[in-house]
Amino acid sequence: MLFFDLMQSGKEPISILRNLLEHYRNLMLYKINPNAPELTIYKSYENTLKKLSNLTSESYLDIMFSELCTYITSIKQGASPRITAEMGLLHLSRVKEIKNYNDIHSRLAKIEEEISDLQKNGKIINNSSNINNSSKVEAEAEIPAKVKKSTIKTSTDETSLKSQDEEHNNETVTESSVISPNEYDSIWKKTLDYFMSIKRIDIYSCFQKCNIVRLTNTNVTISAPQQFLVLACNNPSYKKAVSDALKNIIGYNIEVHTVLKGSPEETSTLNSISVKKNDSQYNLIQKSDIPEKDKANATLSTALKFLSDYDIYEKD
């Protein structure tokens, strides 16, 4: 892998992305002005620049500029530059070439021209909407008043029934909104397996160290161990991928949000649910809530020492 070879040669992850950004910047400069002073040092590579600039659209370059700047910023703020760079390159490798604005504009202009020619030849009637409206008025005038009234009543009844059904469905969702935390591990494993099945290794790498904090029929809160992962997981395209996976697994349209592990936001989310395990009731507590006499217990003391990052639950 080229990225690995560059890392082995001593290149920093952020330098690799910056060099790639500079490469795309040179292509854009060449498309705008092949004789730009900034391109003087690349004179010996002019043929390569020309070939690549012809194969690459401005729309594609704009996407690359935006995505690379985002990942470079994430590397500066995160604790794992290499993972962030790998995720960025995997994501960018999946960006497909899109048609530029000029191509779309020319196609629309051609369609409008063809429609105009058909109208001139009488093959398309300009006031078709007026004719339809006129026909509708005439048809309604011929309908007896009793039939009209009956139709209106029936329509009203159907609307009322539909409204009642929607209210009933909303009530059902509300009553069973919180999914049992006992199912979170299984659901999350299926979610990660789904990413692998569709060959989205970039998304899998981003979410593999995360876990579900709270899951309902409408939204899910995910906990990530590092800030740069929180930023990546809240990327709109990644959130949509998780939502699609969960819909495939549990059958609901889910809104996705990721928080930092150990943050007040995660604690607040955990405190908002009651956790049940093996039909026994457990409540989340803080280490400071444990009585001193219980802390003196050798087993508990050892557990608190070696499992300091784990959540603590107290059985009722």
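Biologist: So what does the secondary structure of the protein come to?

Modeller: The protein has 15 helices and 6 strands. Helices (H or I, at least four residues) and strands (E, at least two) are DSSP runs, numbered from the N terminus. Bear in mind that this is a predicted model: local features need pLDDT of at least 70 and side-chain atom pairs count only at pLDDT 80 or more, while totals for chains, interfaces and linings use all residues. Residues are numbered from 1 along each chain as its sequence is written, and side-chain values use heavy atoms, with hydrogens and water left out.

Biologist: Thanks! What share of the residues count as buried?

Modeller: Of the 316 residues, 28% count as buried. Buried means under 20% relative accessible area, exposed over 50%, and partly exposed in between (1.4 Å probe, protein chains only).

Biologist: What about contacts between residues 24 or more positions apart?

Modeller: Those account for 68% of the contacts with a separation of 6 or more. Contact means heavy atoms within 4.5 Å.

Biologist: Let's move to helix 2. How many residues does it have, and how far does it reach?

Modeller: Helix 2 covers residues 13–32, so to speak 20 residues, and reaches 29 Å from its first C-alpha to its last. That is close to the 28 Å expected at 1.5 Å a residue; the expected span is 1.5 Å times one less than the number of residues.

Biologist: Which helices do its buried residues pack against?

Modeller: The buried residues of helix 2 pack against helix 1 (2–8), helix 3 (46–55), helix 4 (58–77) and helix 5 (81–92). Among those buried residues are Ile14, Leu17, Tyr24 and Met28.

Biologist: Nice. At what angle do the axes of helix 4 and helix 5 cross?

Modeller: At roughly 165°, and the axes come within 9 Å. Axes are lines fitted to C-alpha atoms, for helices over the stretch in contact, and angles run from 0 to 180 degrees between N-to-C directions. That angle makes helix 4 roughly antiparallel to helix 5 (angles under 35 degrees count as roughly parallel, over 145 as roughly antiparallel, 65 to 115 as roughly perpendicular and the rest as oblique). On helix 4 the contact includes Met64, Leu68 and Tyr71, and on helix 5 it includes Ala85, Gly88 and Leu92.

Biologist: Changing topic: where does Thr191 lie?

Modeller: Thr191 is in helix 9 (residues 184–197). Thr191 is buried, with a relative accessible area of 0%. Leaving aside neighbours within four places in sequence, Thr191 is in contact with Ala245, Leu246 and Ile249.

Biologist: How do helix 9 and helix 12 pack?

Modeller: Their angle is about 120°, with the axes 9 Å apart. That makes helix 9 oblique to helix 12.

Biologist: Last one: is Lys199 buried or exposed?

Modeller: Lys199 counts as exposed, at 65% relative accessibility. Lys199 is in the loop between helix 9 and helix 10 (201–207), and its phi is near 60°, a positive value in a residue other than glycine.
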